[in-house]
Amino acid sequence: MGQILFFSEDTTYRLKHKIALRIWIKDTAESEGFRVGDINVVICSDAYLLAINRQYLQHDTFTDIVTFDHSDREGVIAGDVFISIDRIHENATKFGVTERDELHRVIIHGILHLCGYRDKKKAEKAQMTEKEDFYLARRAF
């Protein structure tokens, strides 16, 4: 159906295990009842993501992820997922997890947003964290 592509912007970071990540993302979407359309995962710098946050969301803060949902067909997820590798490094240290696990948590967080999950309210955030933990535990790589 669609394709999952990975890009880097304003960083020298290179994502590892792209094939395994594609399979994991696809399996996650299917477990949530969706097919995968076109999804772009962009690993970028704090500055790059801050500019996006300001321009499109009118937020003047650093963040680890911004997700834009481009789904236009029932049952199909599609969109752009921008992730700050600088926030990933900092948050991994802050939360005492590996950078790999933090990056994968944030990637799947973006996919869950495309599946319709929200995280603004306390109960929504708890459900999102539970889903992230569930899918992280299902990684086969």
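1. A quick definition before the pockets: a pocket here is an open set of grid points with protein on both sides within 12 Å along at least five of seven lines. Bear in mind that this is a predicted model. On that basis, the largest pocket comes out at about 390 Å³. It has 14 lining residues, and Leu-57, Ile-65, His-113, Asp-119 and Lys-120 are the closest to its centre.

2. Who builds that lining? α2 (46–57), β3 (65–69) and α4 each put in at least two residues, with β3 giving the most, four residues. By class, the lining of the largest pocket splits into four nonpolar, six polar and four charged residues.

3. Now the helix pair. The axes of α4 (residues 99–114) and α5 (residues 122–137) come within 9 Å and cross at roughly 120 degrees, which means α4 is oblique to α5. The crossing is right-handed.

4. On the α4 side, the contact uses Asp-101, His-104, Arg-105, Ile-108, His-109, Leu-112 and His-113. From α5 come Met-128, Thr-129, Lys-131, Glu-132, Asp-133, Tyr-135 and Leu-136. Sorted by class, the α4–α5 contact residues are five nonpolar, four polar and five charged.

5. The second largest pocket holds about 290 Å³ of space. Of its 16 lining residues, Asp-64, Glu-102, His-109, Lys-125 and Glu-132 lie nearest the centre. Two or more lining residues come from each of α3 (85–95), α4 and α5.

Definitions and conventions:
Residues are numbered from 1 along each chain as its sequence is written. This is a predicted model: local features need pLDDT of at least 70, side-chain atom pairs count only at pLDDT 80 or more; totals for chains, interfaces and linings use all residues. Side-chain values use heavy atoms; hydrogens and water are left out. Axes are lines fitted to C-alpha atoms, for helices over the stretch in contact, and angles run from 0 to 180 degrees between N-to-C directions. Angles under 35 degrees count as roughly parallel, over 145 as roughly antiparallel, 65 to 115 as roughly perpendicular and the rest as oblique. A crossing is left-handed if the near helix is turned anticlockwise from the far one by less than a right angle, and right-handed if clockwise. Contact means heavy atoms within 4.5 Å. Ala, Val, Leu, Ile, Met, Phe, Trp, Tyr, Cys and Pro count as nonpolar, Asp, Glu, Lys and Arg as charged, and the others, Gly among them, as polar. On a 1 Å grid over the protein atoms alone, a cavity is a set of points where a 1.4 Å probe fits but cannot get out, and a pocket is an open set with protein on both sides within 12 Å along at least five of seven lines; lining residues have an atom within 4 Å of a point. Grid points are joined across faces, edges and corners, and a volume is the space filled by probe spheres set on the points.
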